[in-house]
Amino acid sequence: MADTDEADQAAIARVRAGDRDAYAVVVRRYAADARRLAVLAGAGPDADDVVQVAFVKAYRTLGSFRDGAPFRPWLLRIVLNEARNATRSARRYRAAAGRSSVLDAAALTAVADDPATSALSAERRAELVAAVRALPEPQQRVVVCRYLLDLDEEETATVLGWPRGTVKSRLYRALRRLRAGLEPAPGTVQEVDHG
């Protein structure tokens with residue numbers, strides 16, 4: 001991670017010195033994470049637009065980026081804010097109440113390339129997505145950042161704009177709820193595949 005941070009710092013220094021092409025390096029490095037977050041934050045089919053706007057905003061506000069700080073969490077916070085804005089805007093124009101969910105059907109497609117998610121059966125994955133959808137929105141966000149984007153606690157705190165203790169407590173409550181929601185009901189028998 002230190003190598004990535006150093007490479008980011010070098011690219012940002014080049015951008016600030018007027019080398020616009022250096023920003024393309026950063027865009028390529030974080031485009032997939034940014035798109036995944038946009039989809040999972042509710043942007044759905046507008047995710048590509050959200051990501052593009054976020055990268056433009058990041059470029060324009062690069063002067064406010066603190067030297068030495070990790071770039072990825074700073075950028076993902078911009079993506080999350082843009083996804084929220086897009087979701088709010090879309091809600092005004094769409095009558096469907098289900099469009100405001102943090103995880104929608106597009107999220108299944110976005111995380112299907114993730115090796116950890118691919119290992120789950122389709123049925124188990126659907127159960128997991130349903131359980132995450134049932135969480136309160138702050139708990140959904142912390143689970144998405146920590147486990148679907150693989151951010152550490154400090155990066156999650158930066159992206160969500162919360163204190164680190166809030167990240168820990170919301171993650172603990174979310175995992176406890178998920179565990180309870182995914183455990184088999186008492187007295188049920190789990191099928192075992194011997195194939």
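Predicted model: local features only at pLDDT ≥ 70, side-chain atom pairs only at ≥ 80, totals over all residues.
I looked up Glu-82 to start: it is buried, at a relative accessible area of 10% (buried is under 20%, exposed over 50% and partly exposed in between, with a 1.4 Å probe and protein chains only). Residues are numbered from 1 along each chain as its sequence is written, and side-chain values use heavy atoms, with hydrogens and water left out.

Glu-82 sits in helix H4, residues 71-93 (helices are DSSP runs of H or I, at least four residues, numbered from the N terminus). Beyond its neighbours within four places in sequence, I found Glu-82 in contact with Val-50, Val-53, Ala-54 and Lys-57 (contact means heavy atoms within 4.5 Å).

Next I checked H3. Which residues of H3 are buried? They are Ala-47, Val-50, Val-51, Ala-54, Phe-55 and Ala-58. Looking down the axis of H3, I see these buried residues fall within an arc of 130°, so they line one face of the helix (the arc is that of the directions from the helix axis to the C-beta atoms). On the face turned away from the buried side, H3 carries the exposed Gln-52 and Arg-60.

Last, I looked at H8 (residues 137-148) and H9 (residues 153-160), whose axes come within 9 Å and cross at roughly 135° (axes are lines fitted to C-alpha atoms, for helices over the stretch in contact, and angles run from 0 to 180 degrees between N-to-C directions). The contact uses Arg-141, Val-142, Cys-145 and Arg-146 of H8, plus Glu-153, Thr-156, Val-159 and Leu-160 of H9.

Methods. Helix = DSSP H or I, 4+ residues; strand = E, 2+ residues; numbered from the N terminus.
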